[in-house]
Amino acid sequence: MTVVDNAVYVDGKRGAEPTSLDQTYAALRRCPDGRSFGWIGLLRPTEDEITSVAKEFGLHDLAVEDTVHAHQRPKLERYDDTVFVVLRPARYVDPVEVVELGEIHLFLGADFVVTVRHADEPDLAEVRHRLEDDPELLAHGPFAVLYAVLDKVVDDYGPVLDGLQDDIDQIEVQVFEGDPTASRRIYQLTREVIAFQRAVEPLRELFGELRFRFSKTGTDTDPELRRALRDVADHALRVLERTDGFRQLLANILTVNSTLVAQRQNDEMTRLTEAGYVQNEQMKRVSSWAAILFAPTLVAGVYGMNFTHMPELDWWFGYPMAIGLMLLLGLVLYLIFKRRGWL
């Protein structure tokens, strides 16, 4: 069902409750001018329904096209006596750490307001009930509806900021604990913050347009709405400041994480270098002793060949000479390696 609620309000109180768009149009024609307006709430309307509303209220083709295709940035545009507003409500899905953005379009005229939602959240029934409980505020007409919807959207940004703050706190812990997945999480969260910032940043211009409109009209009912909208604008400004702070903080965290990763890599390289140095020293000692032990082995190997003609085998001093030669070669090699610092 695309028409989720449909009513005509007279002096801020719910009057007729038409069951179709055609009945709403007829009821508005019968209501007194300046004291009544119709509020039509649509959820994922068909193109025929939007065309019907556009034909009845004389909506501009460009605004209708934006509503049909959706995926618009937040904005406020004026087409003659009609105001077209696009808002991007948001909610934070903590299990997957994703900011889900919705889209709400509002058409406001002298005696009508049409709200078009392209997502289930937020449910504007809460906004409608709040306004119906305050007839004095609702008597201000379509722009009272705009104020209430803006207030709802901006208030819903609060839990999103809290969710992002919690995740940033967790990332800071991961970074200083050396978690290797921290870089990926920082990148993903930065994307979410940027997407959220794109939904919030245009509100600055939107509230500026509203202030200009109210200052230009200067009707008796405007001062109350100006005060209410100024309060919402202040909340939106705080959201903008916190969002910008999150983006800068994530950029700093990414820099710190890169520095810590580089430092850990340098420490690892230093440790490997020191380990290689120690291993090299050990290899020098092993090689030195192997060379020292090889010298007597070489002499003993020569005498162990058992050739027939080896004169020194029959020499009285042959054995002492062989032992002395072994010791002398070992001592010479020991002194050489010792001098070079290998031993």
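How many nonpolar, polar and charged residues does the lining of the largest cavity have, by class? In this predicted model, the lining of the largest cavity has seven nonpolar residues, with no polar and no charged residues. The residues concerned are Leu42, Ile50, Val53, Leu59, Phe107, Val114 and Val116. Helix H2 and strand S9 (112–117) each supply at least two of the lining residues. The space in this cavity is about 30 Å³, and the count of cavities of 30 Å³ or more comes to one.

The protein chain as a whole contains 10 helices and nine strands. Its radius of gyration is 42 Å, whereas a compact globule of 343 residues would have a value near 20 Å. Along the principal axes, the C-alpha atoms fill a box of roughly 145 × 40 × 30 Å. Of the 343 residues, 41% are buried. Among contacts between residues at least 6 apart in sequence, 65% join residues at least 24 apart.

Isoleucine 104 lies in strand S8 (residues 104–108). Because its relative accessibility is 0%, isoleucine 104 counts as buried, the limit being under 20% relative accessible area. Leaving aside residues up to four places away in sequence, isoleucine 104 touches Val85, Val86, Leu87, Pro89, Val116, Arg117, Pro122, Leu124, Val149 and Val153. One of these contacts, Val116, also lines the largest cavity. A separation of 103 Å lies between the C-alpha atoms of isoleucine 104 and glycine 324, which are 220 residues apart along the chain.

The second largest pocket has a volume of about 190 Å³. Its lining comprises 14 residues, and those closest to the pocket centre are Ala90, Arg91, Glu100, Glu121 and Pro122. Two or more lining residues come from each of strand S6 (90–93), strand S7 (98–101) and helix H6 (142–177). By class, the lining of the second largest pocket divides into five nonpolar, one polar and eight charged residues. Pro122, one of the residues closest to the centre of this pocket, is also among the residues that isoleucine 104 touches.

Strands S4 (residues 75–79) and S5 (residues 82–87) run antiparallel and are joined by five bridges. Within this pair, glutamate 77 has phenylalanine 84 of S5 as its bridge partner. The hairpin of S4 and S5 has two residues between the strands, and aspartate 80 takes a positive phi near 60° there. Val85, Val86 and Leu87, which are among the contacts of isoleucine 104, fall within the residue range of S5.

Aspartate 11 has a phi of about 55° and is placed in the loop between strand S1 (3–10) and strand S2 (13–14). With a relative accessible area of 38%, aspartate 11 is partly exposed. Arginine 44 has a phi of about 45° and is placed in the loop between strand S3 (36–43) and helix H2 (47–57). Its relative accessible area is 45%, so arginine 44 is likewise partly exposed.

Definitions and conventions:
Residues are numbered from 1 along each chain as its sequence is written. This is a predicted model: local features need pLDDT of at least 70, side-chain atom pairs count only at pLDDT 80 or more; totals for chains, interfaces and linings use all residues. Side-chain values use heavy atoms; hydrogens and water are left out. Helices (H or I, at least four residues) and strands (E, at least two) are DSSP runs, numbered from the N terminus. Buried means under 20% relative accessible area, exposed over 50%, partly exposed in between (1.4 Å probe, protein chains only). On a 1 Å grid over the protein atoms alone, a cavity is a set of points where a 1.4 Å probe fits but cannot get out, and a pocket is an open set with protein on both sides within 12 Å along at least five of seven lines; lining residues have an atom within 4 Å of a point. Grid points are joined across faces, edges and corners, and a volume is the space filled by probe spheres set on the points. Ala, Val, Leu, Ile, Met, Phe, Trp, Tyr, Cys and Pro count as nonpolar, Asp, Glu, Lys and Arg as charged, and the others, Gly among them, as polar. Contact means heavy atoms within 4.5 Å. Two strands pair if DSSP finds at least two bridges between them. The radius of gyration is taken over C-alpha atoms; the globule rule is 2.2 Å times the number of residues to the power 0.38.
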